[in-house]
Amino acid sequence: MLAFISFRSVSLPRFWAVSALMAAAAAFMAAPAQAQPAPQESLRPDTMDARVAACTACHGAQGRAGADGYYPRLAGKPQEYLFHQLLNFRDDRRQYRPMTHLLTGLPDDYLREMAAYFSTQHVPYPAPTRAEVSAATLEAGRKLALSGDATRGLPACAACHGAALGGVLPAIPGLLGLPRDYIGSQIGSWKNGLRRAAEPDCMADISNKLTPEDIGALAAWLSSQPVVEPYAPEAAGSIRLPAECGSQAQR
């Protein structure tokens, strides 16, 4: 149903109401009716719960990640990163029509508040699922993630995303605790032009140098790594990026 809801002509109160109705319907189908609070009690209009109800329907309670292995975790990611992604979906730099429909017409400040909410959510990470690939594939992924490949001009993932791959403030996300399919699909989206960021688009440049085998190895290794707490973004300015990235300019 989400794909058919356009917010170009829908007011913000209507957005809250639609979100509340969607969440209430999902809750009704997921559990016995007597266990659910009345919608008007749990999702009052213009509360943060109402604003994010459509998000958590796919991304899980508090943004802990969807159960299908595709919708990523939102909880605890840097606020500026989340804000940029909301802008990218809204402004058609990132291609996923249900997200674009949900966000079209929403103002920057509204999206920034939603990003702030998810950035402050801290919920446990699930144990990783070891990818059923060869040891050689995992080792290739580990080398790309931690050392890169200088002969091809590929910086290590850790060079931008931090030594522990937990991200860097203000807007670089962590790479652990993400599903294998999601990691592979996002690198593929950068490579195929379905995902873009402000120029210079450093991730597009890097992705274009990766082979399908590289992408598979990275996705397998990253998704297999456990998250060791405390897992949080490093401080702003703690590393010098190996390339200029337009997405790191704050709005």
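Is Pro 200 buried, exposed or partly exposed? I started my notebook with that one. Pro 200 counts as partly exposed, because its relative accessibility is 31% and that class runs between 20% and 50%. A reminder to myself: this is a predicted model.

**Entry 1: around Pro 200**

I looked up where Pro 200 sits, and it is in the loop between α10 and α11. Next I checked what it touches, skipping residues up to four places away in sequence. That left me with Glu 244, Cys 245 and Gly 246. I also looked at Ser 247: it is 47 residues from Pro 200 in sequence, yet their C-alpha atoms are 7.9 Å apart in space.

**Entry 2: Arg 195**

I stayed in that part of the chain for Arg 195, which lies in the loop between α10 (180-192) and α11 (202-209). Which side chain of opposite charge is nearest to Arg 195? I found Asp 201, at 7.8 Å. Arg 195 is buried and has no salt bridge. I noted the cut-off here: a salt bridge needs the charged atoms within 4 Å.

So what does the Arg 195 side chain pair up with? I found a polar contact with the side chain of Gln 85, at 3.1 Å. Then I listed the contacts of Arg 195, leaving aside neighbours within four places in sequence. Among them are Tyr 81, Arg 93, Arg 94, Tyr 182 and Trp 190. Gln 85 and Asp 201 are on that list too.

**Entry 3: the largest pocket**

I moved on to the open spaces. The largest pocket has a volume of about 570 Å³, and I counted 31 residues in its lining. His 59, Pro 72, Phe 89, Arg 94 and Met 99 lie nearest its centre. I wrote down the elements giving two or more residues to this lining: α4 (53-59), α5 (79-90), α6 (97-103), α7 (108-119) and α10. Which of them gives the most? It is α5, with five residues.

**Entry 4: the cavities**

How many cavities of 30 Å³ or more does the structure hold? I got two. The largest cavity has a volume of about 680 Å³. Its lining is made up of 38 residues, and those nearest its centre are His 161, Pro 173, Leu 175, Trp 190 and Met 203. I saw that α5, α9 (157-161), α10, α11 and α12 (212-224) each supply at least two lining residues. The largest share comes from α10, with five residues.

Note on methods. Residues numbered from 1 in each chain as written. Predicted model: local features only at pLDDT ≥ 70, side-chain atom pairs only at ≥ 80, totals over all residues. Heavy atoms only, no water. Helix = DSSP H or I, 4+ residues; strand = E, 2+ residues; numbered from the N terminus. Buried < 20%, exposed > 50% of the residue type's maximum accessible area, 1.4 Å probe, protein only. Lys, Arg positive; Asp, Glu negative; His and termini not counted. Polar contact = N/O pair within 3.5 Å; in protein donor to acceptor, adjacent residues only side chain to side chain. Contact = heavy atoms within 4.5 Å. 1 Å grid on protein atoms, 1.4 Å probe; cavity = no way out; pocket = protein on both sides within 12 Å on 5 of 7 lines; lining within 4 Å. Points joined across faces, edges and corners; volume = space filled by probe spheres on them.
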